[in-house]
Structure formats: C-alpha cells, structure tokens
Amino acid sequence: KLQFLYFIGIMRTARTALSKRVVGRRWESGKSEEEKKAWFGYQSVKEDEKEGMVKKLFEQVSGKYDIMNDVMSAGMHRCWKDTMVGRLDPQLGKQYLDVAGGTGDVAFRILDALNEKLMTEPPLSATEAGITISDINGKMLEQGEIRYLDRKKAGDAAPVNFKEANAEELPFPDASFDAYTIAFGIRNVTHIEKALAEAHRVLKPNGRLLVLEFSHVEQETLRMLYDAYSMNVIPALGQLFANDWHSYQYLVESIRKFPRQEEFAGMIREAGFKGVSYDSLTFGVVALHSGWKL
C-alpha cells in the first residue's frame, strides 16, 4: 500500500512539473481573467485592449511625433539616438530592422552611416534591402515614408522597406536580420517577453539587439527633480505644443511602469541573448541595452 501511495505521489509530482513546463511555454493560455491585465500608463486594462489603445494614441500624435520626442526629452532624444547608432556601427551589406520606428528617426541615422561608408566602400547591390522599418501604426509609417521620399530625391542609395507589423508577431522569416533596433517603443508593447523572443528569432547568428528606452534615475535628488518635471511639466508642454495632455500623461506613466535597468537586462537574457549589457545615459533618464544572438 505504501509503495502504491508513493507511486501515486511521484505521478502527481511529474504531472505538476509537466503542467508547469506547458504553462511556461504557453503562458498566455493558462492565465485567469484577472491575470490577463496590462498597464496602460497607471491604468490597468485588459491585455487585448492595450494594443488598440496604444495604436489609437500614436495615430493621434503621428503628425506631431517629432515635437513629442523633443518635449519628452528636452531635445536630448537626438543625442541618445546618435549614441545608439554609433554603438551599432552600421556596415554595408548588412540587414537592419528598426521596430516601432515609424517616422524613421533611427533608420535614417543608420542610412546616414551607410551613406558615409558608400563614399569609400563598394555600394550595396541594387536588389539588397539594407533597412526595414516596422511599426504597428500605419499612420506613423506614413510619416516615415514621406521623409524617406524626400531623402531619396536627395540621392540616398540604400533602400528602405516599410512594414506595418506587431512587434510581438513579426512577419519575417527566422534569421533575417543582422541587427534589431527599437527606440522608445518596447515599453508600449503589451507582452515585452514576446517582443524580445521575436527579436531573437528574426536575428541571424551573431546578430545584435539594441534597445533604447526611458528608464530610471538612480540618484535620489535627481530622481525627485526628474519625477517632478516629467509628471507635471511634460503633460503641460504637451497641451501647449500639441493640444494633448492625455497622450503625454500616458507616456510619462508608461516610463514609471517599465522595468528598471537590471531587471530589463534579465528579461533580455531570458529571451536567449548573450553578452547582455546596458549603459545608463543622462543619469539614467534613458538606458541603452545590448545583447547578442550567439
């Protein structure tokens, strides 16, 4: 009888372990209705609602997105993006994917770097698509396409593709890109884990992930000053320059809900990336995370 009970205990333990593995791999299907929540700023919303809410918000601000970036960062976003692309060090003949990059701010910096190399190195072949810009919001992509047409008339050589797509379900084959960049976009994703897994999937072996995102100021006095500025001044400036308090309020709140630097680095490691590192820029107002698919 004792042996029988022992056997039953083993079977139950094995079944529990197997169940946990299945849930780990298909975590979403095992969630209760209470657990299927996501943060939209400080507001708890249903997971399947957040994507539409974020999309609607950026549709509203697409025409003034550059103003939004300047207001959110006091113009520093330009320096941070320059740093990001400098770390990337774009090379001719490589495939680059910029996610949540609708207006082309990062992609066009990559394009500038490639154009500089074209001055001294052989040009890209006519059939090679060097840069792909992906964004879930078609209106944001429209802004980027308009800017790219202006640049193309000025003689840009490397082709740029635009693709409307969800960062959690990218429509690209495995191992398609040499580098994946995303700037100020991953905190708006409903399931960050899924987006990171997709980044890993579409990267080639030895491919690099670079994530630029608003983060957390560590020094207490500076943090208090930054919190006061971001929570009170930024929405007011949004109202002043873009007639939109709510969108700027959401963006500030979304920064507060985003994981801290080391926690986010851990999420990147869990997605399968190696050599994960990060740099806090401007006292931690933003962080630049890097990882490699090895």
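**Notebook: a walk through the predicted model**

I began just after helix H3, where alanine 74 takes a positive phi of about 55 degrees. A reminder to myself: this is a predicted model, so everything below is read from predicted coordinates.

**Entry 1: helix H3.** I stepped back into the helix itself, which covers residues 65-73. Which of its residues are buried? I noted Tyr65, Met68, Asn69, Val71, Met72 and Ser73 as buried.

Entry 2: Together with Leu240 and Phe241, Ile67 makes a nonpolar surface patch of about 320 Å². I then looked up leucine 240 and found this residue in helix H8, which spans residues 220-242. Is leucine 240 buried or exposed? Its relative accessible area is 63%, so I wrote it down as exposed, the cut-off being over 50%.

**Entry 3: arginine 187.** I went to the loop between strand S6 (177-183) and helix H7 (192-202), where arginine 187 sits. Its relative accessibility is 6%, and because buried means under 20%, arginine 187 counts as buried. What does its side chain touch? I found a polar contact with the side chain of serine 254, at 2.7 Å.

**Entry 4: aromatic pairs.** How many aromatic pairs does the whole structure hold? My search of the whole structure gave 7. I looked at the rings of tryptophan 80 and phenylalanine 214: their centres are 6.0 Å apart and their planes stand at 90 degrees, so I logged the pair as edge-to-face. Tryptophan 80 belongs to helix H4 (residues 77-88) and phenylalanine 214 to strand S7 (residues 203-214), so this pair ties together parts that are 134 residues apart in sequence. Both tryptophan 80 and phenylalanine 214 are buried.

Next I turned to tyrosine 148 and phenylalanine 162. Their ring centres lie 6.0 Å apart with planes at 55 degrees, so that pair is tilted. Tyrosine 148 lies in helix H6 (residues 138-153) and phenylalanine 162 in strand S5 (residues 160-164), so the parts tied together here are 14 residues apart in sequence. I also checked tyrosine 148 for cover: at 7% relative accessibility, this residue counts as buried.

Key:
Residues are numbered from 1 along each chain as its sequence is written. This is a predicted model: local features need pLDDT of at least 70, side-chain atom pairs count only at pLDDT 80 or more; totals for chains, interfaces and linings use all residues. Side-chain values use heavy atoms; hydrogens and water are left out. Patches are made of residues with over 30% relative accessible area and no salt bridge: like charges are joined within 9 Å, nonpolar side chains (Val, Leu, Ile, Met, Phe, Trp, Tyr) within 5 Å. Accessible areas come from the Shrake-Rupley method with a 1.4 Å probe; for residues, only the protein chains shown count as cover. A salt bridge is a side-chain nitrogen of Lys or Arg within 4 Å of a carboxyl oxygen of Asp or Glu. Helices (H or I, at least four residues) and strands (E, at least two) are DSSP runs, numbered from the N terminus. Buried means under 20% relative accessible area, exposed over 50%, partly exposed in between (1.4 Å probe, protein chains only). A polar contact is a pair of N or O atoms within 3.5 Å; within protein, one must be able to donate a hydrogen and the other to accept it, and residues adjacent in sequence count only if both atoms are side-chain atoms. Rings of Phe, Tyr and Trp (its six-membered ring) pair if their centres lie within 6.5 Å; planes under 30 degrees apart count as stacked, over 60 as edge-to-face and the rest as tilted.
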